[in-house]
Amino acid sequence: MPNKILILFAHPLFEKSNVNDVLVKHIPDSPNITFHDLYQEYPEFDVDMQREQELLLLHDIIIWHHPMYWYSCPPLLKQWIDIVLEHGWAYGKEGTALKGKLLLQTITTGGRKENYCSTGRDRFTIQQLLEPFNQTAKVCNLTYLPPFVVHGTHSMTTEGYIENGKLYRQILEYLENKTITPEDLSGYQYFNDWFKTKLG
């Protein structure tokens with residue numbers, strides 16, 4: 001059976017993001033993949049907790065797709081996390097609704113990859129900056145995968161956008177049709193790097 005994938009997309013300036021426009025256009029047209037644009041759905045930030053929880057229950061793999069905003073996520077995704085991941089449902093003694101599901105973050109950053117290290121301009125690795133999301137996943141019994149990250153978008157060419165769009169499509173097709181063993185990714189900081197080993 002194919003995996004059901006829910007892409008929770010959060011970009012407050014989607015119309016100005018060339019790279020995310022290309023990434024989204026490369027999402028496979030599949031009945032097993034649901035693209036859910038939070039800013040389009042909730043322009044007033046009035047997140048429907050019950051509806052969102054029902055969507056989560058219908059899918060096996062959850063993707064938080066967003067740009068890196070001040071070393072975190074855009075505010076509507078934070079609002080979604082605060083409202084939807086309810087105590088007694090997503091976490092706590094009785095909160096096991098999401099147990100066994102996989103969580104992947106798809107991140108875009110204007111900064112180059114080499115900036116994200118202890119000696120770089122951004123001082124921390126992507127993994128360190130995303131640790132609150134990792135911990136949120138663990139508390140909610142989700143299995144957190146290394147992120148798929150597109151770096152250097154501010155200086156990227158059109159060819160670069162398309163190359164990353166094609167890679168995103170391949171990743172989504174793989175996630176849809178293959179079984180992911182999280183332990184296999186344990187030595188990788190980026191989903192990108194692990195996936196490229198699968199391309200042979």
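Biologist: What is the volume of the largest pocket?
Modeller: This is a predicted model: local features need pLDDT of at least 70, side-chain atom pairs count only at 80 or more, and totals for chains, interfaces and linings use all residues. Residues are numbered from 1 along each chain as its sequence is written, and side-chain values use heavy atoms, without hydrogens and water. A pocket is an open set of points on a 1 Å grid over the protein atoms alone, where a 1.4 Å probe fits, with protein on both sides within 12 Å along at least five of seven lines. Counted as the space filled by probe spheres set on points joined across faces, edges and corners, the largest pocket has a volume of about 300 Å³.

Biologist: Which residues lie closest to the centre of the largest pocket?
Modeller: Lining residues have an atom within 4 Å of a point. There are 17 here, and the closest to the centre are His 11, Ser 17, Gly 110, Thr 153 and His 154.

Biologist: Which element gives the largest share of the lining of the largest pocket?
Modeller: Helices (H or I, at least four residues) and strands (E, at least two) are DSSP runs, numbered from the N terminus. The largest share is three residues, and they come from H1.

Biologist: Which hand has the β-α-β crossover from E1 to E2?
Modeller: Leu 6 has Thr 34 in E2 as its bridge partner. The chain passes through helix H1 (residues 18-25) on its way from E1 to E2. With the strands pointing away from the viewer, a clockwise path counts as right-handed, and this crossover is right-handed.

Biologist: Which strand and helices each supply at least two residues to the lining of the second largest pocket?
Modeller: This pocket has a volume of about 230 Å³. Its lining includes Val 149, Asn 164 and Asn 192. The suppliers are strand E6 (148-150), helix H7 (158-177) and helix H8 (191-198).

Biologist: How far apart are the end C-alpha atoms of H7?
Modeller: The expected span is 1.5 Å times one less than the number of residues. H7 has 20 residues, so it should span 28 Å; this agrees with its end C-alpha atoms, which are apart by 29 Å.

Biologist: Is Pro 147 buried or exposed?
Modeller: Pro 147 sits in the loop between strand E5 (143-144) and E6. Buried means under 20% relative accessible area, exposed over 50%, partly exposed in between (1.4 Å probe, protein chains only). Pro 147 has 2% relative accessibility, so it counts as buried.

Notes: Two strands pair if DSSP finds at least two bridges between them.
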